[in-house]
Structure formats: C-alpha cells, structure tokens
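Have the sequence and the model open side by side. The text below walks through them one site at a time.

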Amino acid sequence: MAKDPISLMMDASLRMSPTFLNYQIGSEIELILYHLLKRLKGLYDEVFVISFHDAYHFFVSYVSSVYPDGREVFRPSYLISVNPFLEEVMNPTMVIKVKDPEIIMGRIQSKLLSLNPDNGKKKLFLVLGLDLYGIRYRDELIQMIPMISRMLARERSNVLMAFNVRAFPETVSEIIDSFALNIFRFAVEVKKKAIRRKLTVIRSPFIEYNLRSWYYTITKEGITFELAER
C-alpha cells in the first residue's frame, strides 16, 4: 500500500536519524512539522526541543495562529534555548549564550546527561534554527552540523532538524546534507503563473519513494497531497 508523505517521513525517521526537513520560505514547514509531530509524539516518553535564536518561539507562534492545539502539539518536555532573546520568558530548561560550537554542544550534552542518564526512555529531538545560527556564524555552522548530528544520534533517539537551505550557497547545503540519513525537501514552485508547494523525497530508507515529489495544500482542516508527474 502506498504511503502518504507524512507517514513516509514518520516511518523513515523511526528507522534511522537524523532526518533533515530542508525548506525554503513559503513552504509552510511549521505546519508540516505540526502534522508530523502530532503523529510522532505519542511514540516517545520525552520530547526535547533545541532552539537556536528564538526559532521555537516563532514556530509555535505561527502554528498556534492556524491550529488551536498547535502550542500543545509543539510543547516539549524540555526546551534548550541557544542565544535567545524572546524565548527567555518561556522558562526554558537551559539557556546557552555563546557562539562556539564545542561549548554549546558540551553544555547540551551535560544537561542531557543530568536530566536523563541512560534510563531507557524513548526520546524525540526537534532541532530548530540552525539556519539562523548559520547566517550569523557561517564558519561555526560547518562545525555545528556534524557535532549535533553525532551527539544526538548517540542518544539512540529520533532526531528531526528543520533547515532553510535557501539561505546558503549550494556548497554549504551539500556539506549539511552529507550528515543527514533522511532528507525531505520542501519548496515553492511557480508553474504557469500558479504558485504551488512541493515536497520531494531526496533520501530515505524507502528506495522506491526516493526522488518522488508531491504537491501539497494546507488548510485549517488538514493537509492534502497530489503526486507530481516524474
């Protein structure tokens, strides 16, 4: 039976991680994540959000303006906020205010160990705002991506990262993609004067779906997909 794209992303992330949701502005990645998290959260004991430069605040604000339960769906067990301004009023579990990747990752790892020694709990990690971090600190981003990918992978957990690849040259995007086991690309396509949102599976454990694309429409009632011609 053919998988719908949300189920495909969910099943791919359950098999291996990290999963990168590469997007461009206008693709409504916040609402895609809402539908994905709504299905995934119940499978995990704890949900961690690692947010750079207030990305979690902006994601939650937008989603909750569309879906009444958006704030609850995005609510984490723990929020680790890196270089925040607005998120400090959200009482994060931990605030980190440095740019150095080694210091950031060292503090996150120490906090994870203090919160959750190896207790066998299933953990879902959502990483937001690495693109915002990278816009400010381009060189540090190239170090941060492999470090955070490897560290969270050692937690034997599901890791989802939303990343705006259009903010960087292709060479940077290729480096970033090399650390992703699953890659889903969300774009905005202009075709015959019509603007359509498009999802393409770049890499996943389901070979038969790789390089397939769907057009999608999001409303308050949900999300619908239409398979694109190859």
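Predicted model: local features only at pLDDT ≥ 70, side-chain atom pairs only at ≥ 80, totals over all residues.

Begin with helix 5, residues 101-115. At 1.5 Å a residue, its 15 residues should span 21 Å.

Now look at which residues of helix 5 are hidden. Pro101, Ile104, Met105, Ile108 and Leu112 are buried. They cover an arc of only 90° around the axis, so they sit on the same side of helix 5. Turn to the face pointing away from that buried side. There you find the exposed residues Glu102, Leu113 and Ser114.

What do the buried residues of helix 5 pack against? Their partners include four strands of the chain: strand 2 (46-52), strand 3 (78-82), strand 4 (94-96) and strand 5 (123-128). Helix 6 (130-136) and helix 7 (138-153) are also partners.

Next, find the largest pocket. It holds about 370 Å³ of space. Its lining is made of 20 residues. Nearest its centre lie Asn22, Val165, Arg166, Asp177 and Arg185. Strand 1 (19-23), helix 8 (170-177), strand 7 (182-191) and strand 8 (194-203) each supply at least two lining residues. Which element gives the most to this lining? It is strand 7, with six residues.

Strand 8 also contains lysine 198. Is lysine 198 buried or exposed? Its relative accessible area is 19%. The cut-off for buried is under 20%, so lysine 198 counts as buried. Its side chain has a polar contact with the side chain of glutamate 189, at 3.2 Å. Leaving out residues up to four places away in sequence, lysine 198 touches Arg185, Phe186, Ala187, Glu189, Ser213, Trp214, Tyr215, Tyr216 and Ala228. Arg185 is also one of the residues nearest the centre of the largest pocket.

Finish at histidine 57, in helix 3 (residues 55-66). Its relative accessible area is 22%. Buried needs a value under 20% and exposed one over 50%, so histidine 57 is partly exposed. With residues up to four places away in sequence left out, histidine 57 touches Leu86, Glu87 and Met90. Histidine 57 and leucine 86 are 29 residues apart along the chain, yet 7.2 Å separates their C-alpha atoms.

Technical notes
Residues numbered from 1 in each chain as written. Heavy atoms only, no water. Expected span 1.5 Å × (residues − 1). Buried < 20%, exposed > 50% of the residue type's maximum accessible area, 1.4 Å probe, protein only. Arc of directions from axis to C-beta. Contact = heavy atoms within 4.5 Å. 1 Å grid on protein atoms, 1.4 Å probe; cavity = no way out; pocket = protein on both sides within 12 Å on 5 of 7 lines; lining within 4 Å. Points joined across faces, edges and corners; volume = space filled by probe spheres on them. Polar contact = N/O pair within 3.5 Å; in protein donor to acceptor, adjacent residues only side chain to side chain.
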